[in-house]
Amino acid sequence: MADRRETRHWPKCAMLGAALLMMNSLAGCGERSQANLERPPAPVTVAPAVVQDVPVYIDAVGKIVAREVVSIQPQVSGRVVNIHFTDGADVKIGDLLFTIDPRPYQAQLHQSEANVGQAEATLNLAKVNFARVENVNDPRAVSRQDYDTKKSAVESAEAQVKLSRAAVEIARLNLEYCTIRSPINGRAGQRAVDVGNVVSANTGSLLVIQRLDPIYADFTVTENELTAVQRNMANRSLRVDVRLPDDAAKPREGKLTFLDNSVQEGTGTIKLRATMVNGDRYFWPGRFAKVRLILSTRRDSVLVPAEAPQLSAKGSFVYVVKSDSSSELRPVKVGQRQGDLVVIEDGVKAGERVVVKGQLGVTPGGKVQIMQASETPSSAPAAKTGES
């Protein structure tokens with residue numbers, strides 16, 4: 001006899017109740033897990049946004065150039081018999097630099113002076129001879145040809161005197177050229193000749209002298225920046241801050257004194273020049289420098305520490321800490337950097353606290369724990385009054 005197996009059928013209501021009980025149990029576990037995994041407050045450093053007047057500027061790389069550069073060349077030929085300076089010395093206008101052997105030129109001067117005396121004697125004789133024929137009462141006693149000859153002799157002698165006197169001036173000038181003096185105040189470079197060398201007139205340079213105070217800084221701006229430069233320099237002389245790349249000290253202040261008359265083809269840039277006082281020889285010709293051209297002053301700008309703004313795919317943002325210690329992600333428009341600070345053109349108001357350090361641990365809307373309230377650095381460049 002075959003076995004008959006019973007099949008038990010659970011009531012549908014019982015199965016529905018069991019399912020509901022299981023769902024409630026899982027929901028309770030999820031709430032407890034979420035409560036246990038709640039993120040702790042992120043430790044951050046904050047600083048308040050401040051308001052200052054700041055300069056609007058253009059940064060460029062410049063080159064230091066001497067105001068005056070003179071190449072000393074001999075104007076007469078001869079042997080160098082004396083050098084009156086040391087390489088690298090400071091010289092003034094009129095200081096004696098080189099002496100070329102003056103004896104040949106002294107002899108030429110004496111010869112020219114003697115020629116003047118001879119020409120004057122010839123002129124006097126010609127005048128006497130002409131006076132004899134000029135004062136004859138009877139015109140028939142002197143031929144017209146003899147009269148004209150003696151008159152021409154006087155005129156020729158007068159011209160010879162002028163020629164001889166001009167030769168004296170040239171000889172005296174050549175003698176003066178034997179002593180070479182400094183035409184400017186400046187610093188001497190390395191001499192190219194020694195005592196005993198023979199030099200030729202207007203050939204080769206004996207020495208280069210450069211004037212170092214004041215001094216120039218040449219730099220360029222793009223043609224897109226030219227309009228702003230022209231607009232601002234029309235009202236006043238623009239300030240230029242110049243510093244050396246290896247020196248973190250306060251920059252030296254100068255004035256924009258030159259704007260070239262055309263944009264350079266190929267580069268799309270235009271040359272500018274700043275003039276600075278350089279009495280302590282801080283700047284040296286040929287060195288590169290960091291140049292900042294101050295165009296105007298922006299009033300009541302909002303600034304935050306430069307570390308505060310972060311960059312995302314949507315642009316720059318900062319975390320603003322609200323009064324309940326929660327963070328808010330705030331999109332901002334970042335302006336020019338001002339020392340340790342940066343201008344925020346839009347997105348942050350003065351006095352709001354922004355996160356300076358610890359941004360990686362902050363989530364939008366999450367709580368933060370302020371570990372240190374950073375004082376806003378005061379290294380933003382001070383804007384000069386009168387600039388607008």
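In this tour, a residue is called buried when its relative accessible area is under 20%, exposed when it is over 50%, and partly exposed in between, using a 1.4 Å probe and protein chains only. The model is predicted, so local features are described only at pLDDT of at least 70 and side-chain atom pairs only at pLDDT 80 or more, while totals for chains, interfaces and linings use all residues. Residues are numbered from 1 along each chain as its sequence is written, and side-chain values use heavy atoms, with hydrogens and water left out.

Select Asn202, which lies in the loop between β8 and β9; strands here are DSSP runs of E with at least two residues, helices are runs of H or I with at least four, and both are numbered from the N terminus. Asn202 is exposed, with a relative accessible area of 54%, and its phi is near 55°, a positive value in a residue other than glycine. Then select Asp300 in strand β13, which is exposed at 59% relative accessible area and has a positive phi of about 50° although it is not a glycine.

**Second stop: the open sheet**

Display the four strands that form an open sheet in the order β6-β5-β3-β8, with antiparallel pairing; two strands count as paired if DSSP finds at least two bridges between them. The edge strands, each pairing on one side only, are β6 (179–181) and β8 (198–199). Strand β5, residues 96–100, pairs with β6 in the antiparallel sense over three bridges, and the bridge partner of Thr99 in β6 is Thr179.

The whole structure holds three aromatic pairs, where rings of Phe, Tyr and Trp (its six-membered ring) pair if their centres lie within 6.5 Å, and planes under 30 degrees apart count as stacked, over 60 as edge-to-face and the rest as tilted. One of these is Phe85 with Phe98, whose ring centres are 5.4 Å apart and whose planes stand at 80°, so the pair is edge-to-face. This pair links distant parts of the chain, with Phe85 in the loop between β3 (78–83) and β4 (90–91) and Phe98 in strand β5, 13 residues apart. Phe85 is buried at 10% relative accessible area, and Phe98 is buried at 0%.

Tyr282 is buried at 17% relative accessibility, and Arg252 lies over the face of its ring, at 4.2 Å from the ring centre; a charge sits over a ring if NZ of Lys or CZ of Arg is within 6 Å of the ring centre and within 35 degrees of the ring normal.

A nonpolar core is a set of buried Ala, Val, Leu, Ile, Met, Phe, Trp, Tyr and Cys residues joined through side-chain atoms within 4.5 Å. Of the 25 residues in the largest one, Phe219, Val242 and Leu293 touch the most other members. Select Leu293 in strand β13, which is buried at 0% relative accessibility. Not counting residues up to four places away in sequence, Leu293 touches residues including Val56, Phe219, Val229 and Leu272, where contact means heavy atoms within 4.5 Å.

**Last stop: a cis peptide bond**

Finish at Pro214 in strand β9, where the peptide bond from Asp213 to Pro214 is cis, with omega near -5°.
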